[in-house]
Amino acid sequence: MAQLWGGRFTKETDQMVYQFNASISFDQRLCEQDIRGSIAHATMLARQGVLTEEEKTAIIEGLTGIREDVRAGRLAISDTFEDIHSFVEATLTERIGEPGKKLHTGRSRNDQVALDMKLYVKDEILVLDGLLRELLQALLGIMEENLDTYMPGFTHLQKAQPVTLAHHVGAYFEMFRRDRSRLHDIRARMDTCPLGAGALAGTTYPLDRDLTAELLGFAGPTLNSMDSVSDRDYLIELLSALSTVMMHLSRFCEEIIIWNSNEYQFVEIDDAYSTGSSIMPQKKNPDIAELIRGKTGRVYGSLMGFLTTMKGLPLAYNKDMQEDKEPVFDAVDTVKDCLALFTGMIATMTFREDRMEDSAKNGFTNATDAADYLVNHGVPFRDAHGIVGRLVLYCLEKKISLDEMSLEEYRKISPVFEEDIYEAISMQTCVKRRTTLGAPGEEPMKKVIGLCRKYLDEDQDRRRD
């Protein structure tokens, strides 16, 4: 059992206790971050005269060699070590000798692991941000191609008013745009470096924490050593943001599942994102959409579990905090997979424009426009509301839509109706007359799509810079 502590203890740790305490099985994924932090720490120690230039060079060359060997598969991370920190330090000392023992000068595993997790989260937020951007690109493509694809808008899962597919998908564009914003906020708020905080009370060595922060790409060092090693707020914020991403994915998946049903037939999911039945040959199941919906609970569980872990911890570091890694790693992996699969699914999905428009017509989504027609011809709205209610009841009895009623039938219920009622309640008119910003009309939608395109283009320019 390779561990970084001893001396105080007179006998070996029980094997079961050691395994229960060890974290190497999951924190080995922090190897890159641990080595990056160690290189910066050694560079700073040499600048401050704590290490000689020769010791610094030996340490950095040794750490770089370990990183390259792990990447290439020439060096396996062994579970005989307690954690990734002990693996890196022991391997370094084995390779370069005495200078390797000096690397840990002025730091503790408490500030070391706090640094590793922050570096990991900063890295992963950039990956998640890129995946969200690809999803937004796919959504914008659907919006641009479906300005005139009419469909029912729903409230209470009941057909309400006609909208367009572009408008409906645009709602999700706004959701996922906010998700990116939340991730950006988290990354900015956590951009302080905890290395140099020690176990909880700093150190007597002349560390230059500003230099360490600069070398590692942080805006600056943390300002309280106790908070530095016990802060996990950024992980809770990340899990919360990821839960919101999954909630948005799940809502969209729920609609796709409904739209894919025989009753709706609004969409045809590509074969690559569907499965069949082992017994029913006619089945084509939306399994990917269902799995993404199901995995939402898994990410929620990570958030609630870790909130519970942190709720009663006194300052400063406690071993409970080791329980931060597995839920965060699992949630990040889950969301990355779900974003990639969902983007692929919607990018290859076929929308049945005819079915969508027929559904809007047969669901009385133009009933409000029929009432507005009457109001525009001098009928008080309350009276118009009642007249159209009678129209709908008549259509239900006859099993027809408002578009299929004859003018004679209209005039039997109200003599105000004229031939222009058909134009007034057409899907095109119903949608195009809604011209306020944010509405589904063609002009406001073109403006919104332009703003969305500008947002993505400007973002792409920033990423190049």
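# Reading a predicted fold

Tutor: Helix H15 (381-398), helix H17 (421-424) and helix H18 (427-432) are among the elements that cover the buried residues of H14. Keep in mind that this is a predicted model.

Student: Which residues of helix H14 are buried?

Tutor: Helix H14 runs over residues 367-376, and its buried residues are Ala367, Asp369, Ala370, Ala371, Tyr373 and Leu374. To read such a list, recall the geometry of a helix. An α-helix has 3.6 residues a turn, so residues three or four places apart point the same way.

Student: What happens just after H14?

Tutor: Look at the backbone angles there. Glycine 378 takes a positive phi of about 90 degrees.

Student: Is leucine 157 buried or exposed?

Tutor: Burial is read from relative accessible area, with buried meaning under 20% and exposed meaning over 50%. Leucine 157 is exposed, because its value is 56%. Phenylalanine 364 is buried, because its value is 13%.

Student: Where is there a cis peptide bond, and what is its omega?

Tutor: Omega describes the peptide bond itself. The bond between leucine 315 and alanine 316 is cis, with omega about 5 degrees. Alanine 316 belongs to the loop between helix H11 (287-310) and helix H12 (325-347).

Student: Which side chain makes a polar contact with serine 23?

Tutor: For a residue like this, take place, burial and partners in turn. Serine 23 lies in the loop between helix H1 (15-21) and helix H2 (24-27) and is buried at 4% relative accessible area. Its side chain is joined to that of aspartate 27 by a polar contact of 2.5 Å. Beyond four places in sequence, serine 23 touches Glu82, Asp83 and Gln322.

Student: What does threonine 149 touch?

Tutor: Threonine 149 is in the loop between helix H6 (109-145) and strand E1 (150-155), and it is buried, with a relative accessible area of 3%. A polar contact of 2.8 Å links its side chain with that of asparagine 146. Leaving out residues up to four places away, threonine 149 touches Val163, Thr164, Leu165, Glu353 and Met356.

Student: Where is glutamate 32?

Tutor: Glutamate 32 is in helix H3 (residues 31-47). It is partly exposed, at 30%, and apart from neighbours within four places it contacts Arg67 and Arg71.

Student: How is the whole chain described?

Tutor: Begin with the elements, then the extent. The chain has 19 helices and 6 strands. Its radius of gyration is 30 Å, whereas a compact globule of 465 residues would have one near 23 Å. Along its principal axes, the C-alpha trace spans about 100 × 50 × 40 Å.

Student: How much of the chain is buried?

Tutor: Buried residues make up 50% of the 465. The chain exposes about 22,300 Å², of which carbon and sulfur atoms supply 51%.

Notes
Residues are numbered from 1 along each chain as its sequence is written. This is a predicted model: local features need pLDDT of at least 70, side-chain atom pairs count only at pLDDT 80 or more; totals for chains, interfaces and linings use all residues. Side-chain values use heavy atoms; hydrogens and water are left out. Helices (H or I, at least four residues) and strands (E, at least two) are DSSP runs, numbered from the N terminus. Buried means under 20% relative accessible area, exposed over 50%, partly exposed in between (1.4 Å probe, protein chains only). Contact means heavy atoms within 4.5 Å. The radius of gyration is taken over C-alpha atoms; the globule rule is 2.2 Å times the number of residues to the power 0.38. Accessible areas come from the Shrake-Rupley method with a 1.4 Å probe; for residues, only the protein chains shown count as cover. A polar contact is a pair of N or O atoms within 3.5 Å; within protein, one must be able to donate a hydrogen and the other to accept it, and residues adjacent in sequence count only if both atoms are side-chain atoms.
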